[in-house]
Amino acid sequence: MISEPEMTEGVDPPESREVVADLVQRSPARSLRRRPWLWPALGGASAASALWAVAVLVLNVGDQSPDLRGYRLDRDSCKSARLASLQEELALKSVPNSVDEELLKHSALDQVHCSLGFQKRAETKPGGHWQVSTTVGVAVALHKATDPRDEFDADRRVTDLGVVAADNVKPVPDLGDEAFLIVEDFGHTELRVLDGAAVVTLSLSTTTYYEGEMDTAEESPELPDVSTYWPAMISDMRELMADFRRA
């Protein structure tokens with residue numbers, strides 16, 4: 001989220017106060033009484049300096065509007081979430097078996113949330129079978145009133161499951177203005193990117209469950225290390241950002 005210059009109202013600039021103090025120290029009292037016209041001149045210079053500072057402040061504040069960079073969110077935004085790299089990495093035969101989408105519009109903030117579910121069935125045996133379920137989430141928050149940079153930095157360790165250790169946050173270079181990967185636990189990870197006024201998040205979580213009679217279930221299959229999906233997530237994130245800007 002860019003600090004702006006600050007000014008204390010009703011106080012002359014330091015330079016003006018130093019000039020006045022210097023004149024008082026070096027000038028005899030009688031000269032000040034004989035030449036009162038110096039004070040209006042100094043007061044006018046001080047007022048002009050203060051007005052100039054106010055004008056600069058107003059101009060700078062006006063230039064701090066968030067940079068939308070072409071992002072637009074609508075009800076079709078999630079249709080652009082192709083996630084080709086992740087689909088290939090998860091399993092060539094995997095297809096989303098569910099897609100949820102939610103769009104929120106506000107004068108200060110637009111948001112879209114998408115959730116795609118993938119399932120990979122293990123070898124079917126009598127009595128039932130194990131399935132590995134992977135959920136991929138896409139979220140975009142488009143800040144239209146304030147710059148999100150400070151909030152983005154402050155929340156880098158905050159997740160839906162709590163606060164992670166600093167070592168669980170991995171910077172990602174050359175992606176947006178700033179980006180990092182978060183490892184919440186062995187089965188969940190997310191990639192967050194700040195791009196102008198947009199914060200784009202791509203999350204991935206995996207779990208296993210058994211379909212059938214549990215008394216016939218064998219040991220559940222091991223979940224993959226989510227870090228193996230990071231290259232695919234970064235690749236898909238680049239495509240998502242470009243798609244949301246073209247929407």
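This is a predicted model: local features need pLDDT of at least 70, side-chain atom pairs count only at pLDDT 80 or more; totals for chains, interfaces and linings use all residues.
## Overall make-up

The protein chain holds six helices and nine strands. It has 247 residues, and 34% of them are buried. The chain exposes about 14900 Å². Carbon and sulfur atoms supply 53% of that area.

β6 covers residues 169-171 and β7 covers residues 178-185. The two strands run antiparallel and are joined by three bridges. In this pairing, V169 stands opposite I182 of β7. The hairpin of β6 and β7 has six residues between the strands.

β7 also pairs with β8, residues 188-195. This pairing is antiparallel too, and it runs over seven bridges. L181 has L191 of β8 as its bridge partner. E178 stands opposite L194 of β8. The hairpin from β7 to β8 passes through two residues.

## Burial along β7 and β8

β7 is mostly covered, with six of its eight residues buried. What of β8: how many of its eight residues are buried? Eight of the eight are, so β8 is largely enclosed by the rest of the structure.

The residues of β8 point two ways. H188, E190, R192 and L194 point one way. T189, L191, V193 and D195 point the other way.

## Helix α6

α6 spans residues 230-246, which makes 17 residues. At 1.5 Å a residue the helix should span 24 Å.

The buried residues of α6 are W230, A232, M233, I234, D236, M237, L240, M241, A242, D243 and F244. An α-helix has 3.6 residues a turn, so residues three or four places apart point the same way. The buried list includes M233, M237 and M241.

## Nonpolar cores

In soluble globular proteins, nonpolar side chains tend to be buried together. Here the largest nonpolar core has 37 residues. Those with the most contacts inside it are L86, L175, L191, L202, M233 and M237. At least two residues of this core come from each of α4, β2 (109-121), β3, β7, β8, β9 and α6. Which element gives the most to this core? That is α6, with eight residues.

A second core is separate and has seven residues. Among them are F152, V164, V169 and F180.

L175 belongs to the largest core and is one of its residues with the most contacts. Leaving out residues up to four places away in sequence, L175 touches L191, V193, I234, M237, R238 and M241. I234, M237 and M241 are among the buried residues of α6.

## S203 in strand β9

S203 lies in β9, residues 198-212. Is S203 buried or exposed? Its relative accessibility is 18%, so S203 counts as buried. The cut-off for buried is under 20%.

S203 touches T135, V136, G137, H188, T189, E190 and M233, not counting residues up to four places away in sequence. M233 is a buried residue of α6.

## Loop residues with positive phi

R69 has a positive phi of about 55°, although it is not a glycine. R69 sits in the loop between α3 (38-62) and α4 (84-90). Its relative accessibility is 33%, so R69 counts as partly exposed.

D174 is another residue other than glycine with a positive phi, near 60°. D174 is found in the loop between β6 and β7, within the hairpin of these strands. At 70% relative accessibility, D174 counts as exposed.

## D147 and its surroundings

D147 is in the loop between β3 (128-143) and α5 (149-154). At 27% relative accessibility, D147 counts as partly exposed. The side chain of D147 reaches the backbone nitrogen of R149 at 2.9 Å.

D147 also lies 7.2 Å from S65, C-alpha to C-alpha. In sequence these two residues are 82 apart.

Methods: Residues are numbered from 1 along each chain as its sequence is written. Side-chain values use heavy atoms; hydrogens and water are left out. Helices (H or I, at least four residues) and strands (E, at least two) are DSSP runs, numbered from the N terminus. The expected span of a helix is 1.5 Å times one less than its number of residues. Buried means under 20% relative accessible area, exposed over 50%, partly exposed in between (1.4 Å probe, protein chains only). Accessible areas come from the Shrake-Rupley method with a 1.4 Å probe; for residues, only the protein chains shown count as cover. Two strands pair if DSSP finds at least two bridges between them. Contact means heavy atoms within 4.5 Å. A polar contact is a pair of N or O atoms within 3.5 Å; within protein, one must be able to donate a hydrogen and the other to accept it, and residues adjacent in sequence count only if both atoms are side-chain atoms. A nonpolar core is a set of buried Ala, Val, Leu, Ile, Met, Phe, Trp, Tyr and Cys residues joined through side-chain atoms within 4.5 Å.
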